[in-house]
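Me: I have a model open and want to go through it piece by piece. Can you take some questions?

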Amino acid sequence: MKQDHRERDAFGCPLANLADDAALLGADIRFYRKRAVHPPEGLVATPGTARGTLIGLSVKPGHYRRIHHAHHASQHDFGENGVYIRRFSDPYKAELSGSFDFILMEISPAGLERIADGADCAALAALADVTGEDDPVLGGLARALFASAGGGAVPSPLFVEQMAAAIGTHLVTRYGDRRRGTPRGRRLSTRQAAEVQDMLRARLAGDVCIDTLAAACKLSRSTFLRAFRETTGRTPHNFLIEQRIDKARDLLLNSAASLSEIARDCGFSDQAHFSRVFAARLGAPPSVWRRNRLA
């Protein structure tokens, strides 16, 4: 069926213009990848709403927009890693020029409050309005999140939530007001560390969320992530990958299971994913590693 050119997405862009329109859902941040070869005709506009805050990251240069304010208009050139932040409560109108490839991040008022609290920025009321500011750190984090979804693979909820927590902490730290406290260092207790590590080992596919792990420790999501890293020296996702690799090595040496069977049993999405991660960690594909060890 032919696309109705009048249909628009939640950000005012005609759906017919979009060559890429993907979404990932974190606990407090909704992520969207929006790409178009040609800009939409006319204005992209949204009315004032209570949806919260929108953060846009330009993945590549060559995008321009003229933003219409109440009594004037401003012209902006977005380079690679150019960022804009605006509140949905303000009506928005802009003319877009040039192709665009943006990662959008939508945070509700309640979500921003939870992110700020977890990052020890409890006094933060809002993020600053910026347009076109360069932020390579945010660019790297956002690209890593969507790179994990490349090739049709669905990133695990654990990975999405972990990346969302890191992005949220970066946003409130860099763009929040200056009434924030100093993050308090803490570690998991021996019991907490053992419990969450056992939970991760039991769910090698990664189908366990950060909220579940944090709740087991009676901590907020952001506090749990900091405490886990402080205690173990790694993130939950990296710990999970290490456990997958450890189990895979054991099966390669002590079973006749095929690579596809091992990939499935160790929580990898498929054999190709298993081989790629294994080779990156150990310097050789699993078939070569097994042959060399059993020779």
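Me: Start with Arg276. Is Arg276 buried or exposed?
Reply: This is a predicted model. In it, Arg276 is exposed, because its relative accessible area is 52% and the cut-off for exposed is over 50%.

Me: Which helix is Arg276 in?
Reply: Arg276 is in helix H9, which covers residues 271-282.

Me: And how far apart are Arg276 and Tyr84, in sequence and in space?
Reply: They are separated by 192 residues in sequence. In space the C-alpha to C-alpha distance is 35 Å.

Me: Zooming out. What helices and strands does the protein have, by number?
Reply: There are 10 helices and 10 strands.

Me: What does the C-alpha trace span?
Reply: About 75 × 50 × 30 Å along the principal axes.

Me: What share of the residues counts as buried?
Reply: 46% of the 295 residues. On contacts, if you take residues at least 6 apart in sequence, 72% of those contacts join residues at least 24 apart.

Me: How is the protein divided into domains?
Reply: Domain 1 runs over 15-175, domain 2 over 184-233 and domain 3 over 235-294.

Me: Let's stay with domain 1 and domain 2. How far apart are their C-alpha centres?
Reply: The centres lie 28 Å apart. In the contact between the two, domain 1 supplies 12 residues and domain 2 supplies 16 residues.

Me: How much area is buried between domain 1 and domain 2?
Reply: About 1100 Å², with carbon and sulfur atoms giving 52% of that.

Me: Which residues of domain 1 lose the most area to domain 2?
Reply: Asp120, Leu158 and Glu161. Together they account for 47% of what the domain 1 side buries.

Me: How many salt bridges cross the interface of domain 1 and domain 2?
Reply: The rule finds one there. As for polar contact, two residue pairs are counted between domain 1 and domain 2.

Me: Which helix gives the largest share of the domain 1 side?
Reply: Helix H3, residues 157-175, with six residues on the side that touches domain 2. By type, that side of domain 1 has five nonpolar, four polar and three charged residues.

Me: Moving to salt bridges in general. How many are there in the whole structure?
Reply: The search finds 16.

Me: Take Asp21. What is the N to O distance in its salt bridge with Lys34?
Reply: It is 2.7 Å between the side chains of Asp21 and Lys34.

Me: Why does Lys34 count as buried?
Reply: Because its relative accessible area is 6%, and buried means under 20%. Asp21 is partly exposed, at 42%.

Me: What does Arg33 pair with?
Reply: Arg33 forms a salt bridge with Asp101, and the closest N and O atoms are 2.7 Å apart. The pair links strand S2, which holds Arg33, to strand S9 (residues 100-107), which holds Asp101. The two are 68 residues apart in the chain.

Me: Are Arg33 and Asp101 buried or exposed?
Reply: Both are buried.

Me: Which residues do salt bridges with shared partners join into one network?
Reply: Asp28, Arg114, Asp211 and Arg221. Within that group, the salt bridge of Arg221 with Asp28 has its closest N and O atoms 2.1 Å apart.

Me: Last one, Ser156. Where is its place?
Reply: Ser156 is in the loop between helix H2 (136-147) and H3.

Me: Why is Ser156 put down as buried?
Reply: Because its relative accessible area is 13%, and the limit for buried is under 20%.

Me: What is Ser156 in contact with, leaving aside neighbours within four places in sequence?
Reply: Ala205, Gly206 and His237.

Note on methods. Residues are numbered from 1 along each chain as its sequence is written. This is a predicted model: local features need pLDDT of at least 70, side-chain atom pairs count only at pLDDT 80 or more; totals for chains, interfaces and linings use all residues. Side-chain values use heavy atoms; hydrogens and water are left out. Domain bounds come from an automatic or database domain assignment. Contact means heavy atoms within 4.5 Å. Buried area is the accessible area (1.4 Å probe) that two parts lose on being put together, summed over both. A salt bridge is a side-chain nitrogen of Lys or Arg within 4 Å of a carboxyl oxygen of Asp or Glu. A polar contact is a pair of N or O atoms within 3.5 Å; within protein, one must be able to donate a hydrogen and the other to accept it, and residues adjacent in sequence count only if both atoms are side-chain atoms. Helices (H or I, at least four residues) and strands (E, at least two) are DSSP runs, numbered from the N terminus. Ala, Val, Leu, Ile, Met, Phe, Trp, Tyr, Cys and Pro count as nonpolar, Asp, Glu, Lys and Arg as charged, and the others, Gly among them, as polar. Buried means under 20% relative accessible area, exposed over 50%, partly exposed in between (1.4 Å probe, protein chains only).
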